[in-house]
Amino acid sequence: MVTTVTVGLGSCGIAAGANKTYDKIKALKESDKLDFELKKTSCVGMCYREPLVEITDETGTYLYGEVDADRAVEVIEKHINQQDPIRDYIVYTDMFDAPENDFIAAQVKIVLRNCGYMDPESIEEYQSRDGYKAIKMISEGKTSREMVIDTILKSGLRGRGGGGFPTGLKWKFAHANKSAEKYVICNADEGDPGAFMDRSVLEGDPHSVLEGMIIAAYAIEATGGVIYCRAEYPLAIKRLNIAIKQAHAKGYLGKNIFGIEGFNFDIYIKEGAGAFVCGEETALIASIEGERGMPRKRPPFPAVSGLWKKPTNINNVETFANIPWIIIHGAEAYAKYGTEKSKGTKVFALAGKVRHSGLVEVPMGMTIRDVIFKLGGGIKNDKKFKAVQMGGPSGGCIPEYLSDTIVDYDSVNATGAIMGSGGMVVMDETTCMVDVAKFFLDFTCKESCGKCTFCRMGTKRMLEILDRITNGHGKEGDLEKLEELAYQIKDNSLCGLGQTAPNPVLTTIRYFRDEYEAHINHKKCPAKVCRPLLTYKVDEEKCTGCMVCLKNCPVKAITGERKQKHFINQDICTKCGVCFSKCKFESILLS
Amino acid sequence: MRIARINTSETAANGDEQDLRLLDPIIAKHKGKKGNLIPLLQGAQELYGFISKAAFDKLSRETGIPLSDMFGVATFYAQFRMSPVGKNIIKVCHGTACHVQNAVEITESLEEMLKVKDGETTEDRFFTLESVACLGCCSLAPVMMIGDQTYGKLTGNEAVKIVKNIRLADKN
C-alpha cells in the first residue's frame, strides 16, 4: 500500500498557512526522494486545528493538527522516515484515543461526506466516492421525474438556506409549470456575517452541488443552470469552474446527459457583486439579469415566473449537496435522522467565543448546548457562556438558559431566532448584547436596498436609538419605541431582509432587557464593551511608568513622569481606548 | 441604505491616463447579450481597478445601455469603485465572529497608523483601508486580508506591524 500525505487546503487552512506546509512537504519529498503520495484536500471542519495534514499508511489513518512548515519537517522525518507517529501532534485517528476523536464521532456527515476526504479538483476521486452515481441510477433505472420529486418530498428535506420550505414541494411546483425554457439556480450568495458552510462545501466538494443541480434539472425539466456565488469566495469559484469543465469533458453536462434523450443542461457561474439582499430569491434573479438587486412582490413565485420570466427553481448549496445522497440511499434512510418536522442533518458554522471554531454536521434534534459544548468544546478561556446568535442578521440571540432547545426549524423559530443558513456565533460574558444588536442593525441598515420605506427608514431610526443608548444618551421610552418600530418594519417590508431585520433587537430586548436598562438608566455597560460608558483608570500597582500611554493619548489626558505612576484626567479623557490597547502591562483598568 | 455608500466628492474620477482601447474586447464579448451590465462593469473594474467617468461614457456609448442604468447598478453593489485605489487593499473583516473579538480595534489602529479613515486611500496610493462583511475565516477571527494573504488572530498592534512590514519590504 502506498502511503499518502494529504494537506487540507480550504480557505481557512490557507489562511492558517497550509500552502507553506504543502510546499515544504513537496520540497522534502523531492529533495530526499521520499516514497509517498502527496495529495490535496479541503476543509474537514476542524478549522481550529489548521493547518491539518493527514497521513495514511499500512497501520491506519492519522490526522496531524497545527502543522506549520517546521512541524511538517518533524512529522515527515518521524512518521514517514522512522515510521514513528508523533502522538502529541495527532488530533484524530482510528488507532487510539486522540483529542478530537469525539469531534468526528458525534457528527453525521451527509452534506460534508466528501469535504476533507478527497481532492476537490479531481472528478475521478468524486466518482470513487459514489459521485455521479445518483444521476446514473436515475438514468439506468429510467426513474420518472415524478418519482425523483416524490423521493425528495418523502425524505422531508427542507430548504437549507434558512427558509425551510420543503424542497420536494418547490420542485413539484416548478415541474408543474410547462415551458420550453426553465432554470435551476444555486444560491451561493452566502452573505450572513459569521457563516461559512456553503463556502466549505463549494471548496471541498463542488461536484456534489453540480450533481444535485443536474438531478433537479432532470426533475423539473430545466434547460439552464446558474450558480450565483459571492465574489468574495475566489477559491470556491475557481474550484467550481474546474468542476464544470471536468463534468463537461465527461459529458455530464451538455446534450443528452447520461443517455437521457433530450436532457440538455448546462451550468454557468454568475459572480455576485456584493449585496446581501441578493440572497433573497427575487433580488438574486434581478441581479443575474443585470439589474440592481431589488426584490419584487410575490406572487408570481419564481416557480411560475423567475429568471427571464421562465419557471425557475432556486435552492441553496447545502440543499443541493444533500440530493445525490438521498437518491442513492433513499428517502427513508434520510428521514431516519432528525425530528418529526425537520429531517436529516444540518451543517453549522461554529464561531465566536467557542474553543473549537469550525464546521460541524449534526442530526436535527441535537440540543444547542450539545453542539456548543460537546462539539464546540465549550467557551474559550473558561469564560461564562452567555448566548448564541443563530441566523445572522435575520436571526436572534438565544440565551444560555434556553440552550437546551433542539435544533430544528420550529423549535429555533419559537425562541425568536431562526435556523438561518447555519451560522452559530457563540458569545460569552464579555459580549455586550446591546452592542451585538447594534452591529446587526448597522449591517441590515447598510444592506437595505431602499425599496420599502419601513425597511429603509425604520432600520435607520432604530440604529439611531441604539447608537444613542450605547453612547450613554439613552432615554426612558427608548425600548418601547424600538419595539414599536420593529413590529412596523416586520409587518410592512416586502422581502425577508426587512421582515427579519429587527429580530436581533427584539430577541436581545426579550432575553437581555436588564442589559438595555443598565445602559439607559444607569449609563453602564455590564460587559464593558460600550466605551463611552466606561471609565479608564491607571492601576497603580501595575503601572511601570513607561510613558507609552501618555505618548499615545490623542488628547493629552494622561500625566506622569518616567518611572512614576501615571494619572488619567477624567475631564479631558475622550474614552477612545488607545491607552488600554497600547499598555503592555495591563495596567489600564476599565470600570 | 445602500445609496449611502456614494461619496459625491470623489465619485467617478476622470481617469485621463487610461487606455480606453483595452475595453474593446470586453465590449465585444458582452455587447447585445442579456444580463450583460454587471459583467461589463466587472470587466472594466478588473482592468483599471475602478470605473472612471471616461470608462462609463465609453461603455454606455458603445453598448447603448443608458448611463443612468449603469450608474444605478454600479452604486448599488459594494464591489464597484468609482475612485482609484491603492496598490494594496487592506480588507479588515467585520463579520460577527470578528466583531465580538474586537475587529474595531484593528480598523482603528490602522486608521491611526495610515492616517486615513475607513474606505480611504493613503496619499501615496500605497494602501486602501476597507471594512468587509465576512471573509469566511471565522475560526481565525479577527482577520484581515491584504492581497491574497489572510492574517488571523490579530490584535491592533499586530495588524499595524504587518502593514508596516509590507511597506518596508516594498521600499527595499
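Just after α2(B), B:G49 adopts a positive phi of about 85°; helices here are DSSP runs of H or I with at least four residues, strands are runs of E with at least two, and both are numbered from the N terminus. The model is predicted, with local features requiring pLDDT of at least 70 and side-chain atom pairs counting only at pLDDT 80 or more, while totals for chains, interfaces and linings use all residues. Residues are numbered from 1 along each chain as its sequence is written, and chains are lettered from A and ligands numbered from 1 in the order in which they are written.

Buried positions in α2(B) include B:L37, B:L41 and B:Y48, where buried means 20 or more other C-beta atoms, placed from the backbone, within 10 Å of the residue's own. Their cover includes α1 (24-30), α3 (53-63) and α4 of chain B.

Turning to the interface, 35 residues of chain B are in contact with 42 residues of chain A (C-beta atoms, placed from the backbone, within 7 Å). On the chain B side, α2 (37-48), α4 (67-76) and α5 (96-99) each supply at least two residues.

In chain A, 5 strands form an open sheet of mixed pairing, ordered β11-β10-β14-β12-β13; strands pair if DSSP finds at least two bridges between them. β11 (358-363) and β13 (396-399) of chain A each have a single partner strand, so one side of each lacks a neighbour in the sheet. Strand β10 (residues 345-352) of chain A pairs with β11(A) in the antiparallel sense over 6 bridges, and A:V347 stands opposite A:E361 in β11(A).

Conventions: Contact = placed C-beta atoms within 7 Å. Buried ≥ 20, exposed ≤ 12 C-beta atoms within 10 Å, placed from the backbone.
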